[in-house]
Protein chains: 2
Amino acid sequence: MYAGIDLGGTNIACAIGDAEGHIVAERSVPTHSHEGPSAVLDRIARLIREMAPRVDAVGMGLPGRVDREAGISQFLPNMPTQWRDVPVSQILRAPLQAPVYLLNDARLATLGELTFGGREDWLRKFGTVVFFTLGTGVGGGIVVEGKLRLGPWGAAGEVGHQTIIPDGLLCGCGNRGCLETVASAPALSGEGVRLMRSGLAPQLHQLVEGEASRITPQQMSAAALAGDAAVMEAIERVAAYLGIAIANIVSLLHPELVVLGGGMAQMGEVLLQPVRQQVVRRVGMFPAHGVRIEQSALGDRAGVMGGLALAARSGQV
Amino acid sequence: MYAGIDLGGTNIACAIGDAEGHIVAERSVPTHSHEGPSAVLDRIARLIREMAPRVDAVGMGLPGRVDREAGISQFLPNMPTQWRDVPVSQILRAPLQAPVYLLNDARLATLGELTFGGREDWLRKFGTVVFFTLGTGVGGGIVVEGKLRLGPWGAAGEVGHQTIIPDGLLCGCGNRGCLETVASAPALSGEGVRLMRSGLAPQLHQLVEGEASRITPQQMSAAALAGDAAVMEAIERVAAYLGIAIANIVSLLHPELVVLGGGMAQMGEVLLQPVRQQVVRRVGMFPAHGVRIEQSALGDRAGVMGGLALAARSGQV
């Protein structure tokens, strides 16, 4: 039995399962990251012990840069700064009596999707696959011929930090005009709020009963399908930016498959169709029709299932 | 002995050499591509036979998409349409009595640079390297952990067809705002012509004696160093766009090395310095200082030397 952990700024998700991805228990608890690393790690250890008497190994995703060899968190942009240089693996190993393997959360979700996403065997073993997590941030991972590309610091795969608008908005990473600035859930929802307040989104207004805080990409997709043309236009604009980012990667690597995961991917075909059109339009050097662009099969579970895969593989990716 | 051929729209370059990249003879003749494939291939066969009594194999770069397995040219955008589906390897094999291996020209130059560019052994075997050919077009190649990434059709590695300006100029590939539209030799030289005609480039005017047709990126770099501030600004603008494209790839793949080749790379540090600054500024998710950005060691010879490498490896890349 293994434990898969997905540590986020808001919640800690945990799954207990085997090397084939069969989950026997699953839970999510609030992170309360302001309490600091030791309180949060203590919470994770208790959570795992409550769910399984013992586990053979733990695979854990952290929202940022980690030193995989040493099992240390390095730079988690959306967490308190005390997380810098915390020996996470060592701290958790004592109470759990099991090795703890770390990976960036988006790369972990990529591993989960590749291992347990119901893909064909050849794709898993030899395929070139690009994974996007579309949520508050835009992260991802790149698999080249069956191997997750991590680079010297496990930092490769940052598909959300391509520059899309050279003089665009300031991004959390310090750059301007990254994909994340124009195609994240907050960017899209923010535009939904504006359209609703401008009276251009009557269906959205009805769906969320006028409450801006209830607007999500999925509510916007429902409103667009119900007839809000302005909301549809906002979605298509985001899809066009996302399509540029995907087309850039297709021109560079010609992957067999692009998988869209994270909360925003649950918009489904309303988002996927204009993305596919944009990719075919933008890739001029070869016909890109053959590149599959699909929604994640695992949804929210990609991270914890990646954790199971990482644990079962003793940290080897 | 092997022959390396680099077939371009203007010239055919040929080198005769061994598997270690020692060149014993080298020549370049005009392509005269309007004469059609059989005349051009006949010229290539004669050129090789004049230079070497016999060769064991030929490695040849074509400016576009080829079917490597079948040895057929598929789509050469800057050559006459008769080049579609020409069995190049078969046609050349008879007069040369040697196998002929094909590859896209920019990928062939990447192979040449990687094999004979004087790089460290580990980099050649395990390194992740990105190569740009900066010329009339912008091509390239990507090596992931020592292996040239070709993709299903040998079409991966099109670093010049990333969208840099979403609603930018029409590119030869059909897309808008590709790197090639803003950072190719004609784009930069065209701006040099404009600046000279506007009276903003007195040094450039003197260097080329007022003749627009003599303006090249290298002349512009000389004019910028001699004091033409407007020319320096034009170069820095191109460097910024190139820096965006490189930064995007660094965020995606975190390569150890980026090599700039092709005629425009001969501008040297005037181009390289602002490129390096832009890359460090644009890559926000991890420090990118460690990624080396260097000028090609082989210059114009990268293609033919890649041909020698391809021939010596019996077409395996």
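Helices (H or I, at least four residues) and strands (E, at least two) are taken as DSSP runs and numbered from the N terminus. The model described here is predicted, and local features need pLDDT of at least 70, side-chain atom pairs count only at pLDDT 80 or more, and totals for chains, interfaces and linings use all residues. Residues are numbered from 1 along each chain as its sequence is written, chains are lettered from A and ligands numbered from 1 in the order in which they are written, and side-chain values use heavy atoms, with hydrogens and water left out.

In chain B, five strands form an open sheet of mixed pairing in the order S3-S2-S1-S4-S7, two strands being paired if DSSP finds at least two bridges between them. Strand S3 (23-30) and strand S7 (100-104) of chain B are the edge strands, each pairing on one side only. Neighbouring strands of this sheet are turned by 15° against each other on average, direction ignored; axes are lines fitted to C-alpha atoms, for helices over the stretch in contact, and angles run from 0 to 180 degrees between N-to-C directions. Strand S2 (residues 11-17) of chain B pairs with S3(B) in the antiparallel sense over seven bridges, and Cys14(B) stands opposite Arg27(B) in S3(B). Helix H1 (residues 37-51) of chain B lies across strand S1 (2-7), S2, S3 and strand S4 (57-62) of chain B and runs at about 30° to S2(B). Helix H11 (residues 302-312) of chain B also packs on the sheet, touching S1, S2, S3, S4 and S7 of chain B, with a direction that makes about 135° with that of S1(B).

In chain A, strand S2 (residues 11-17) and strand S3 (residues 23-30) pair in the antiparallel sense over seven bridges, and Ser28(A) in S3(A) is the bridge partner of Ala13(A). The hairpin of S2(A) and S3(A) has five residues between the strands, and Gly21(A) takes a positive phi near 85° in this hairpin.

Ile5(B), found in strand S1 of chain B, is buried with a relative accessible area of 0%, the classes being buried under 20% relative accessible area, exposed over 50% and partly exposed in between (1.4 Å probe, protein chains only). Residues touched by Ile5(B), not counting those up to four places away in sequence, include Cys14(B), Ile44(B), Ile48(B), Leu108(B) and Val304(B). Cys14(B) likewise counts as buried, at 1% relative accessibility.

Cys173(B) is in no disulfide, the nearest cysteine sulfur, that of Cys178(B), being 3.8 Å away.

A nonpolar core is a set of buried Ala, Val, Leu, Ile, Met, Phe, Trp, Tyr and Cys residues joined through side-chain atoms within 4.5 Å. The largest such core has 120 residues, and those with the most contacts inside it are Phe132(A), Ile246(A), Phe132(B) and Ile246(B).

Terms used
Contact = heavy atoms within 4.5 Å. Disulfide = S-S within 2.5 Å.
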